[in-house]
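Please open the structure in your viewer and keep the sequence beside it. The stops below go from one selection to the next, with a short account of what is found at each.

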Amino acid sequence: MNQQPIPANPVSRILTASLIGTTIEFFDFYIYATAAVLVFPKLFFSAADPTSATLESLATFALAFFARPVGAAIFGHFGDRKGRKATLVAALMTMGPSTVAIGLLPGYASIGIAAPYLLALFRLGQGLGLGGEWGGAVLLATENAPAHKKAWYGMFPQLGAPIGFLISSGTFFILSRTMSENDFLSYGWRIPFIASAILVWLGLYVRLKISETPEFVKIIDNNKRSKVPVADVFVKHTKAITLGTLATITTFLLFYLMTVFTLSWGTSALHYPKSSFLIIQMISMLFFGLGIPLSAILADKYGRNKMLIVATICIMAFGLVFAPLFSTGSLVITAAFLSLGMFLMGLTYGPIGTALAGIFPPAVRYTGASLAFTLAGILGASLTPYLATTLAHNYGLAYVGYYLTVASAVTLLALLGAKKIMKQQAE
């Protein structure tokens, strides 16, 4: 099969396209997480029982994590069959409209029980889009990277997480400070959801200017495309998908404990002002952003598996001091607690995309990496805010920390088992 040469992507265009897409996707995802705590329990659910409304809202938050593996399988199929570029554009255009639709949705007082059902439907759309977005963005970066800089290139899509969170939290902070509570609940919270359409078009513009990755071009040239990538992943690469999923659990669990759960518990049980807590969460995101490039540098030098093992051991220890640090009632200590947790998050999150991409061959890499990441989201994040809230109410904050430590132990065992299949470019 004759193939015309594909023009090389400039480094700046590669990294911008991989970063901007995940920034947009995570911004969309996080504004939902924030609203699920601060707004949705009051707006889309019955006000008869505030605790039940909060738990129901957090349950809709979990729905996206079950949709993400479906999105990973669908978009992964086309990413491995048709190409990374077109699939990335399609993923972006799936999540964007779902987010805007949430911003336009009437509340429980207007349309009754239809409100939470439609909210759940659009939340599923967000999950489908993000399920296809992350893996493609990582491959766009790593498949264009020099061998000795795989983790460094692969960390740029990961930077979309703290940047998206900062934009999301900053937006809600500004709205909460410039609007009355009634105005914010009435229409203010809708602004970031609707305005995300502008960001989606920006991301679309950048991605339409990139060309296909060299590794996918080689797959086409050598006629090595998988007919059914998702089947090949589970049949031919069972060990990789299993260990890759388990190795990523703690990454998700730690993040949603430090963001969604701490925001909910901090503003309700600990009675911190909402605006103050959002500020210290934004400060902690700076440490998250710092940990990502640091971990990438260390991963390229010493190996991704070693970097992830060290980070996981540190998180295990952090789980044991979770309750003492978070229950002091001091905003300063709580800020330090959040910053430490998010720095550890950066250390584990930075290399994980490159590590997952490296354990699957190019022909099924989009599907395999995406599925491992999103399946870990189900196990490590989907019910985390719900379970953590239940544990804290019934047994105390210490058990939330134990929950994190046990999950870290599972991840550590998976990383130890994955040493042989995590091919390290630095070694």
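Begin by selecting the buried residues of helix 9, which are Arg-190, Pro-192, Phe-193, Ser-196, Val-200, Gly-203, Leu-204, Val-206 and Arg-207; buried means under 20% relative accessible area, exposed over 50%, and partly exposed in between, with a 1.4 Å probe and protein chains only. Helices (H or I, at least four residues) and strands (E, at least two) are DSSP runs, numbered from the N terminus. The model is a predicted one, in which local features need pLDDT of at least 70 and side-chain atom pairs count only at pLDDT 80 or more, while totals for chains, interfaces and linings use all residues. Residues are numbered from 1 along each chain as its sequence is written, and side-chain values use heavy atoms, with hydrogens and water left out.

Next, colour Ala-197, where helix 9 bends by about 25 degrees, the bend at a residue being the angle between axes fitted to the seven residues ending there and the seven starting there. The 18 residues of helix 9 should span 26 Å at 1.5 Å a residue, and its end C-alpha atoms are 27 Å apart, which agrees; the expected span is 1.5 Å times one less than the number of residues. Then pick Tyr-205, also in helix 9 (residues 190-207), which is exposed with a relative accessible area of 52%. Tyr-205 and Ala-17 are 188 residues apart in sequence, yet their C-alpha atoms are 9.4 Å apart in space.

**Helix 7**

Move to helix 7 (residues 150-178), whose 29 residues should span 42 Å at 1.5 Å a residue and whose end C-alpha atoms are 43 Å apart, which agrees. Look for a kink of about 35 degrees at Phe-156, shortly before the proline Pro-157. Helix 7 is mostly covered, with 21 of its 29 residues buried.

**A network of salt bridges**

Now select Asp-80, Arg-84, Glu-143, Lys-150, Glu-215 and Arg-365, which are linked in a network of salt bridges; a salt bridge is a side-chain nitrogen of Lys or Arg within 4 Å of a carboxyl oxygen of Asp or Glu. Glu-143 forms one with Arg-84, the closest N and O atoms being 2.8 Å apart. This pair links distant parts of the chain, with Glu-143 in the loop between helix 6 (114-142) and helix 7 and Arg-84 in helix 4 (residues 84-103), 59 residues apart. Glu-143 also forms a salt bridge with Arg-365, with 3.3 Å between the closest N and O atoms. Because Glu-143 lies in the loop between helix 6 and helix 7 and Arg-365 in helix 17 (residues 365-382), the pair ties together parts that are 222 residues apart in sequence. Glu-143 is buried at 3% relative accessibility, and Arg-365 is buried with a relative accessible area of 11%.

**Two loop residues**

Where does Asn-223 lie? Asn-223 is in the loop between helix 10 (214-221) and helix 11 (229-236), with a phi near 55 degrees, a positive value in a residue other than glycine. Then select His-271, in the loop between helix 12 (238-268) and helix 13, where phi is near 60 degrees and again positive. Most residues other than glycine have a negative phi. Asn-223 is exposed, with a relative accessible area of 66%, and His-271 is exposed, at 63%.
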